[in-house]
Amino acid sequence: MKNLFKLFSIIIIITASNSYSFAAEKVEYLKTDWSFKGIFGKFDRASLQRGYQVYTEVCASCHSMKYLSYRNLAEKGGPEFSIAQAKAIAASFEVTDGPNSDGEMFTRPGKLSDKFVMPYDNVKAAQAANGGAYPPDMSVLVKARGGGVDYIYSLLQGYEEAPNDVSLDDGVYYNKFMYGNKIRMAAPLSDGLVEYGDGTNATVEQMSKDVTTFLMWSAEPHLEARHQMGFKAIVYLIILTVLVYFSMKKIWSRVESEV
Amino acid sequence: MSDHDYRPKSKVGQWFNDRLPLLTLANHLTDYPTPKNLNYWWTFGGILTFCLITQIVTGLTLAMHYIAHADMAFESVEHIMRDVNYGWLIRYIHANGASMFFLAVYIHIFRSLFYGSYKSPREIIWILGIIIYLLMMAAAFMGYVLPWGQMSFWGATVITNLFSAIPLVGEGIVTWLWGGYSVDNPTLTRFFTLHYLIPFLILGLVVLHIWALHVPGNNNPVGIDIKKPSKDTVPFHPYIVIKDGFALLMFMIVFAFFVFYAPNILGHADNYIEANPMVTPAHIVPEWYLLPFYAILRSVPDKLLGVVAMLSAILILAVLPWLDTSKIRSAVFRPLYKQFYWILVADVLILGYVGAMPAEGLYLLIARVATAYYFLHFLVILPVLGFKEKTLPVPLSITEPVLGGSPNLAAARNQESKIE
């Protein structure tokens, strides 16, 4: 009985203290308090909306988000734009549709059901426009990087002058959080680059935090539902376990044996 | 209590049971005499059954939405995660369920090693277990390929390439496995088919595993043969059912913690990048539960011998009942074996750790020493220990150590000294 408790607690401690990938290089990432971490973690709605603004005004010129639809922007647990706002956002994009009855492709304003419009037609076009480097799709980017949100948050703020012993080719930049320190993306953010509608001061730090929050949501759109259900499920299981424990004690009291 | 004299009470029941004795089977399962001193390490058999059923049920649901095509697999998984109702829940249960399954199976195997459950007359149960374990690894490996992420693709490439180590026909076999000249769509579709098939093979083997168990009955922490039914046993229902249920609930709490609060912690981040044959990940690592064998594979400089070593590490377990020469089952009464047992546990954990690290420098050296020790344990230490070890006196019945101070203890000691 005691052993079992010990075992379970050891497992939890070991895995909880482990980072995503144990093979990753040791770098101390910048820390900030994420509202979505923890048992009751939820997204900061305003931060998600600001993050969408940063994505669409800055990142989206190179990075696609092909698994998201405009309807997601109005869904529960996300940025929660109103339906009208989401419709307006969708309509501001030109979407290629068709073929129509004449067999011709045509463009029309976007609808809620459309996927996010991609900046490039295909991977080759994206590479051609970016000196051979493909700007990765951002839909699940946070989950596809060992350091997760802390890594993305740090990377956006990690641009600095290259040390003297590092020589950089044309179109390559120095970033202290990038694997190997060399990155093909120029520093995407600068203070005041976007103008937030809610009056928040658009510092690089603030924009990094907002856009990373947005990316966390895009990678895990059901995170809030998961946290809420998890709490209920675990409380339910604990209560049931206690009840079963006492039933077990009662049943086993009929025999001279320990449980 | 005995199966033979069971007769259903109702006329209909009798009529049915005479034609198909399902009720006799049910009666056997509820009355099945079980040693009353089984500790919580024995609850993992039931937990494993739960894991298998969970994987089958969630897997069936996922298969309804998943598309086994190289161009669409990754996207269909994202579709499950985003748009299928509770798809994220089903997929996270399935993905973490695999880890939970292996966690439970390792505890189950190491329980068997500690209490000597593999020894006569339970060799067939043990060998069936090893086959189940092999199939589990195959199913888990192929399941990991299905999301068609970077680790899926490159893991599949590395593991299938192992077959190329076979002299003369190796290359041909690999091409045949792939269904082409690299891991591609034909590989994915056949892995999906096999991933769907294997759980049902496992299910059949589990039935045989339990059937074979019900012939001699459970081993127990004391490791002695007991009379069944007797004062030493309790009927399976309700005693073991409620105890297994309690342990299962504890297990489910851990399971739920992973599913709801750390669903990706046991996976590799690279598997959220769509498979790309042109880009090789910096480190290709298998899932945690395969790491010890991966370490053994890489610790041998020659590819063919590495594969042989890795396979032997698993297959050696199948002949364990004959490698362990000790007549005493439980490590409780084997002071030396007990110590070697824990060294083996540490050895396997070390192998798992170095399996996750790059195969170079100190890590490689540690992997080699640990691999050598692994084989030393089974091939030298166990056979020799059976002859050399001075074991402690074994009680005559379970009731004795439970109640303590019974005259049996003295009798057991006498008997033991006579043998010596």
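Me: In this predicted model, a salt bridge is a side-chain nitrogen of Lys or Arg within 4 Å of a carboxyl oxygen of Asp or Glu. Which residue of chain A meets the side chain of Asp83(B) in such a bridge?

Reply: The count between chain A and chain B is two salt bridges. In a bridge that involves Asp83(B), the N to O distance is 3.2 Å. That value qualifies because the cut-off is 4 Å. The partner of Asp83(B) is Arg71(A).

Me: How many residue pairs are in polar contact across the interface of chain A and chain B?

Reply: Both residues of a pair must have pLDDT 80 or more to be counted here. Under that rule, the number of pairs found across the interface is eleven.

Me: Which helix of chain A supplies the largest share of the side that touches chain B?

Reply: Helix H1 (2-17), helix H6 (204-219) and helix H7 (223-252) of chain A each give at least two residues to that side. The largest share is 18 residues. These 18 residues come from H7(A).

Me: What part of the area buried between chain A and chain B do carbon and sulfur atoms give?

Reply: The contact involves 56 residues from chain A and 54 residues from chain B. Between them, the two chains bury about 5100 Å². Carbon and sulfur atoms contribute 74% of this buried area.

Me: What part of the accessible surface of chain A belongs to carbon and sulfur atoms?

Reply: Chain A has 259 residues, and 40% of them count as buried. The accessible surface of the chain is about 14100 Å². The part belonging to carbon and sulfur atoms is 56%.

Me: In what order do the elements of chain A run from the N terminus on?

Reply: Chain A has seven helices and four strands. Of its contacts with a separation of 6 or more, 61% join residues 24 or more positions apart. From the N terminus on, the order is α-α-α-β-β-α-α-β-β-α-α.

Key: Residues are numbered from 1 along each chain as its sequence is written. Chains are lettered from A and ligands numbered from 1 in the order in which they are written. This is a predicted model: local features need pLDDT of at least 70, side-chain atom pairs count only at pLDDT 80 or more; totals for chains, interfaces and linings use all residues. Side-chain values use heavy atoms; hydrogens and water are left out. Buried means under 20% relative accessible area, exposed over 50%, partly exposed in between (1.4 Å probe, protein chains only). Contact means heavy atoms within 4.5 Å. Accessible areas come from the Shrake-Rupley method with a 1.4 Å probe; for residues, only the protein chains shown count as cover. Buried area is the accessible area (1.4 Å probe) that two parts lose on being put together, summed over both. A polar contact is a pair of N or O atoms within 3.5 Å; within protein, one must be able to donate a hydrogen and the other to accept it, and residues adjacent in sequence count only if both atoms are side-chain atoms.
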